[in-house]
Amino acid sequence: MNSYTNKTHTYGRIWMLVTLLVFLSVPTLICAHLCVHPELAKIAKGLATVALVFYPTAVVEVLTYAPLLGTGGTYLSFVTGNITNLKMPVALASMDSAKVDANSEEGEAISTISIAVSSIVTTVIIAVFVLLFRPVLKDITGEGSVFAPAFQQVTPALFGALCASYLAKHWKISVLPIAVLTLLLIFAGNLAVGVLIPIGVIVSLLGAHIMFKKGWVGK
């Protein structure tokens, strides 16, 4: 397992750097082609408006998601993206179906395989349906479409279905995080999902630990 983990970290870091270079190459090549050279001061000013939110969130997401996704799953998720909406639910659902823990060797394998398959299937499906629905996409997703409200509820529906099974099994430890997140949304409804999820994870861990110490929940 140590050999597997070391190799995963090695290849994971390589592909993270390759992906970063690819992302940066797009605006760089566009600027080079158009002979445009943005001033560093203006770039820094633009980054400053989002850095306070996205940079801390990026660090917190790695610390929060890594124990659940495993080594391979973490690298795959952060390279392919869409972790909150797709990769995390897929990994958790797969491990739950296989009856394995996230921090076990079996969980590592299940999480990595499920995220890899999800990435491939998602890419293929998106490519196929973008081509098929391109002529009518605006009519389906436009504000005047009868389907428009459904597209705004994809994430809540996904997490609601995933969360229902966990709430049914462990309803005692779910009360505190749900109450805390509900209060946060009431008084600070503009908080990003990347902020709410780490808060929910931390509150859940602390609440479960306290309940376990007091004997309110078992192993």
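## Overall make-up

The protein, seen here as a predicted model, has 9 helices and 0 strands, where helices are DSSP runs of H or I with at least four residues, strands are runs of E with at least two, and both are numbered from the N terminus. Read from the N terminus on, its elements follow the order α-α-α-α-α-α-α-α-α. Taken along the principal axes, the C-alpha atoms fill a box of roughly 65 × 50 × 40 Å.

Residues are numbered from 1 along each chain as its sequence is written, and side-chain values use heavy atoms, with hydrogens and water left out. In this predicted model local features need pLDDT of at least 70 and side-chain atom pairs count only at pLDDT 80 or more, while totals for chains, interfaces and linings use all residues.

## Surface and contacts

Of the 219 residues in the protein, 21% are buried; buried means under 20% relative accessible area, exposed means over 50%, and partly exposed lies in between, with a 1.4 Å probe and protein chains only. The accessible surface of the protein comes to about 15400 Å², and 73% of this belongs to carbon and sulfur atoms; such areas come from the Shrake-Rupley method with a 1.4 Å probe, and for residues only the protein chains shown count as cover.

Contact means heavy atoms within 4.5 Å. Among contacts between residues at least 6 apart in sequence, 57% join residues at least 24 apart.

## How H3 and H4 pack

Two packed helices are described by the angle between their axes and the distance between the axes. Helix H3 (residues 83-98) and helix H4 (residues 105-133) pack at an angle of about 135°, and their axes are 9 Å apart; the axes are lines fitted to C-alpha atoms over the stretch in contact, and angles run from 0 to 180 degrees between N-to-C directions. H3 and H4 are therefore oblique to each other, since angles under 35 degrees count as roughly parallel, over 145 as roughly antiparallel, 65 to 115 as roughly perpendicular and the rest as oblique.

On the H3 side the contact is made by residues including Leu86, Val90 and Ala91, and on the H4 side by residues including Ile110, Ser111 and Ile115. By class, this contact has 7 nonpolar, 7 polar and 1 charged residues, where Ala, Val, Leu, Ile, Met, Phe, Trp, Tyr, Cys and Pro count as nonpolar, Asp, Glu, Lys and Arg as charged, and the others, Gly among them, as polar.

Within H3, the buried residues include Ile83, Lys87, Ala91 and Met95. Serine 111, found in helix H4, is buried as well, with a relative accessible area of 0%. Leaving aside residues up to four places away in sequence, serine 111 touches Leu68, Leu69, Gly73, Ala91 and Met95.

## Positive phi angles

Most residues other than glycine have a negative phi, and most peptide bonds are trans. Cysteine 35 has a positive phi, near 60°, and lies in the loop between helix H1 (2-34) and helix H2 (40-80), where cysteine 35 is exposed with a relative accessible area of 61%. Asparagine 82, in the loop between H2 and H3, has a positive phi near 55° and is partly exposed, with a relative accessible area of 41%. Lysine 99, which follows H3, also has a positive phi, near 60°.

## Histidine 9 and its surroundings

Histidine 9 has its place in helix H1 and is partly exposed, with a relative accessible area of 27%. Histidine 9 and glycine 72 are 63 residues apart in sequence, yet 8.0 Å apart in space from C-alpha to C-alpha. Not counting residues up to four places away in sequence, histidine 9 touches Thr71 and Tyr75.
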